Amino acid sequence: MTYIAKPTLHHPTLTKNKVGYTRRDYEGRISTLCAGCGHDSISAAIVQACWQMDIEPHRVAKMSGIGCSSKTPDYFLSASHGLNSVHGRMPSVLTGASLANRELLYLGVSGDGDSASIGLGQFAHAMRRGVPMVYIVENNGVYGLTKGQFSPTADAGSRSKKGATNTDVAIDLVSLALQLGASYVARGFSGDKAQLVPLIQGALQHGGAAFIDVVSPCVAFNNHAGSTRSYDHVREHNAALNRIDFIDLAEAPTGDAAVMDVPQADGSLLRLRKLQADHDPRDRLSAMTTVQRLQAQGELPTGLIYVNPEPRTLHQQMKLPAGALNRLDEAALCPGAEALARLNDGLR
């Protein structure tokens, strides 16, 4: 429980990363979620990814909305900046923070109800504007806090724990992110940490609008026969497109035909081991077709679905300075009447 403090003392033999932190330093409070909840596995994957990448916790700003998923930032990176915002409004709060201080790494955690229902418009505009962030949706297909109603991402024909059948067409956030212009789109499974950790690492290095849809079974209300978001169903229908072997500074390209190297703008390298030969994650149209084709076959495509090695961000489009706006002094913020007159003349 969150009121029980974790021990502050760490075993002296715990391995430290390059910036002097152990993996324990990236953890948060004790989770209050149900035992076996997929969301806790996602928190563990975030902890692992940040520790392995030698990210200093104070460089991260984690934000969320409302829901089971939006409680999880309390369970990782306790030494980072954090804000639990209003239901569905996390993207706009994060956008404002990013404009004020672009020097932080922004991690937005949301749920399928938080992003695909009340926050759908917010999600759409964050993606199309290229807000530099890692946007993680912990997707279980139900409203867990209000006892298991279908969420907008629940597949048509899936059954609830009480036996009701969903008749509405599902909102596929991956397809929407592709259409809206996100420059890094992936889907993971909370039960596959080996795949999920590198996907999060790639998103953290990307520098643009990175979206990860993580199927995260709700053990209380959506982990039964008839659910398409249960552990068993996802394991049986997981159509993995690729595996990221590692993410590091650029090295010499490999000659292996089954491996694809995707250079990133910051000099890092995404090395993908292709599991489906016909999928090219650098082609947005091909990615959209692959997702639709596999889903029509009843399969769930996971892995890195699309990446643009040179993302265009909101900061670039607004021609903002390189430093943080919240550090500008009065002279820079109020350059005087002559500068204002030149600006007005340019708008005529």
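**Cavity, pockets and cysteines**

Author: By class, the largest cavity's lining has three nonpolar, five polar and two charged residues. Ala, Val, Leu, Ile, Met, Phe, Trp, Tyr, Cys and Pro count as nonpolar, Asp, Glu, Lys and Arg as charged, and the others, Gly among them, as polar. The model is predicted, so to speak with care: local features need pLDDT of at least 70 and side-chain atom pairs count only at pLDDT 80 or more, while totals for chains, interfaces and linings use all residues. Residues are numbered from 1 along each chain as its sequence is written, and side-chain values use heavy atoms, with hydrogens and water left out.

Reader: Which residues line the largest cavity?

Author: G141, V142, F150, A154, D155, S158, N222, S227, T228 and R229. On a 1 Å grid over the protein atoms alone, a cavity is a set of points where a 1.4 Å probe fits but cannot get out, and a pocket is an open set with protein on both sides within 12 Å along at least five of seven lines; lining residues have an atom within 4 Å of a point.

Reader: And how much space lies in the largest cavity?

Author: About 40 Å³. A volume is the space filled by probe spheres set on the grid points, which are joined across faces, edges and corners.

Reader: OK, pockets now. What's the volume of the largest one?

Author: About 550 Å³. The largest pocket has 25 lining residues, and L105, P132, L204, H206 and G207 lie nearest its centre.

Reader: Which element gives the most to that lining?

Author: α7, with four residues. Helices (H or I, at least four residues) and strands (E, at least two) are DSSP runs, numbered from the N terminus.

Reader: What about the second largest pocket, what's around its centre?

Author: D155, R229, Q295, E299 and L300 lie nearest the centre, out of 21 lining residues. The volume of the second largest pocket is about 370 Å³, and α8 supplies the largest share of its lining, three residues.

Reader: Switching topic: how many disulfides are there?

Author: Zero, taking a disulfide as a pair of cysteine sulfur atoms within 2.5 Å.
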